[in-house]
Amino acid sequence: MTWFEPERGDDKLREFFITALIDMSASLSLQDREGRYICITTLPARWALNPGVTPSDEAIFGADIGARLKEMKAGLEKPGDHAAIEIEASDDTCFEFRCRMIEMRNHEISLMTIVIDRTEDRRRERLLRALLREVSHRSKNLLAIIQSIASQTARYSGTLETFLGKFRGRLHALSQSQDLITNSSWRGAYFRDLLKQQVDRYVQDNGDLVKVSGEDVLLNPNASLHIGLALHELIVNAVSHGDFLARRRPIEVSCERIDTDAGPQIRMRWVEPVGSLDTEALKAARTARFGSTVLERVVPSSVNGQASHSLEKEQVLYELTFPQEIPE
């Protein structure tokens, strides 16, 4: 439905329509049946008609676009016929030309053309396609990590109950790390945030017994997932098999950048105090703690690094060193 107040006059309507077209980044033109231009409004600044030149598609848009428009318009014969093409310019701009044959009140047949700037729409579409490819890539990586965790957990679990307990814990740790990565727009996660997640989950009431020092390094997405997994494994081992809570002796955790012959590296250290153990108790503790290969193989291999994991009579020491920039 179209309605306007006749008393207002044509000038106000003309101003309204032209302003609306400019706001929509759209242009309108009208031609008679023979192709002669009757009216052109709000044409983009990139196209102009020189004074004294009779308007035509070629004169306004240039030879290439003019030829394409001429070919498209030649296929329109009766009212209701319509066609559209998109024109991409060399400066990464894109315009859509919509042509339609219309019948005026006096039964005169005319050709209406709408030109719409689609540049931002196309840029958003390209960005969306790039994001979808990135999501697909990262999803495949995440599924591969889950498959590896499931395989390693099953290999060292004697019962289904043991497997489910360990696997669920590791999967939850992975999920928490992924949340941090997503919240950072896929840049990664900070080391202290990864540590805090695990401390809050397993020793929330004794968080003061986990001391952190060094730099709060921003880890890339791949490193974030695996370092989060390593911290999960260490804190679970400490709670399950250690005595730091009972003895109130804090665990020392650090993260720092170091320079090596191989280039910039990141070094994470976990130093957990344990009570004095005799030979048999030490052997049993090592068996309990070292049943998983997550700390010794999965994590270092995934971040292209090296790890050392030792249990002595007075402390558990885990040290992981890996390149600062890790290709995914």
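**Contacts and overall make-up**

I began with the contacts (heavy atoms within 4.5 Å) between residues at least 6 apart in sequence in the protein chain, and I found that 55% of them join residues at least 24 apart. I note that this is a predicted model, in which local features need pLDDT of at least 70 and side-chain atom pairs count only at pLDDT 80 or more, while totals for chains, interfaces and linings use all residues. Residues are numbered from 1 along each chain as its sequence is written, and side-chain values use heavy atoms, with hydrogens and water left out.

I then listed the secondary structure, which comes to 10 helices and 12 strands; these are DSSP runs numbered from the N terminus, helices being H or I of at least four residues and strands E of at least two. Of the 328 residues in the protein chain, 38% are buried, where buried means under 20% relative accessible area, exposed over 50% and partly exposed in between, with a 1.4 Å probe and protein chains only. The chain exposes about 19400 Å², and carbon and sulfur atoms supply 51% of that area; the areas come from the Shrake-Rupley method with a 1.4 Å probe, and for residues only the protein chains shown count as cover.

**Strand β1 and its partners**

I looked next at β1 (residues 26-32), where 6 of the 7 residues are buried, so the strand is largely enclosed by the rest of the structure. It is joined to β5 (residues 109-117) by 7 bridges in an antiparallel arrangement, two strands being counted as paired if DSSP finds at least two bridges between them. Within this pair I saw Ser-27 standing opposite Val-115 of β5. On β2 (residues 37-41), β1 pairs in the antiparallel sense over 4 bridges, and Tyr-37 in β2 is the bridge partner of Gln-31. The two strands β1 and β2 form a hairpin with 4 residues between them, and Gly-35 in the turn has a positive phi of about 95°.

I also checked Thr-113, which lies in β5 and is buried, with a relative accessible area of 3%. Not counting residues up to four places away in sequence, Thr-113 touches Ser-27, Leu-28, Ser-29 and Gln-31, and also Lys-73, Phe-97, Arg-98 and Cys-99.

For α4 (119-155) and α5 (160-183), I found that the axes come within 9 Å and cross at roughly 155°; axes are lines fitted to C-alpha atoms, for helices over the stretch in contact, and angles run from 0 to 180 degrees between N-to-C directions. That makes α4 roughly antiparallel to α5, since angles under 35 degrees count as roughly parallel, over 145 as roughly antiparallel, 65 to 115 as roughly perpendicular and the rest as oblique. Residues making the contact include Leu-142, Ile-145, Ile-146 and Ile-149 of α4 and Phe-163, Phe-167, Leu-171 and Leu-174 of α5.

The axes of α5 and α6 come within 10 Å and cross at roughly 135°, and the two helices are therefore oblique to each other, again with a right-handed crossing. Among the residues in this contact I noted Gly-169, His-172 and Ala-173 of α5, with Leu-194, Gln-197 and Tyr-202 of α6.

**The five-stranded sheet**

I traced an open sheet of 5 strands in the order β7-β9-β10-β12-β11, with mixed pairing. Here β7 (210-214) and β11 stand at the edges, each with a single partner strand, so one side of each is left without a neighbour in the sheet. The twist averages 15° from one strand to the next. Between β11 and β12, which run antiparallel, I found 6 bridges, and Leu-311 has Val-316 of β12 as its bridge partner. Helix α6 (residues 191-202) lies across β7, β9 (251-260) and β10 (263-273), and runs at about 175° to β7.

**Helix α10**

Last, I looked up α10 (residues 294-302), in which Val-294, Leu-295, Val-298, Val-299 and Pro-300 are buried; these residues pack against α4, α5, α7 (221-241), β11 (306-311) and β12 (315-323). Leaving aside residues up to four places away in sequence, Val-294 touches Arg-170, Leu-229, Glu-233, Val-299 and Pro-300. After α10 comes Asn-304, whose phi is positive, near 60°.

Technical notes
A crossing is left-handed if the near helix is turned anticlockwise from the far one by less than a right angle, and right-handed if clockwise.
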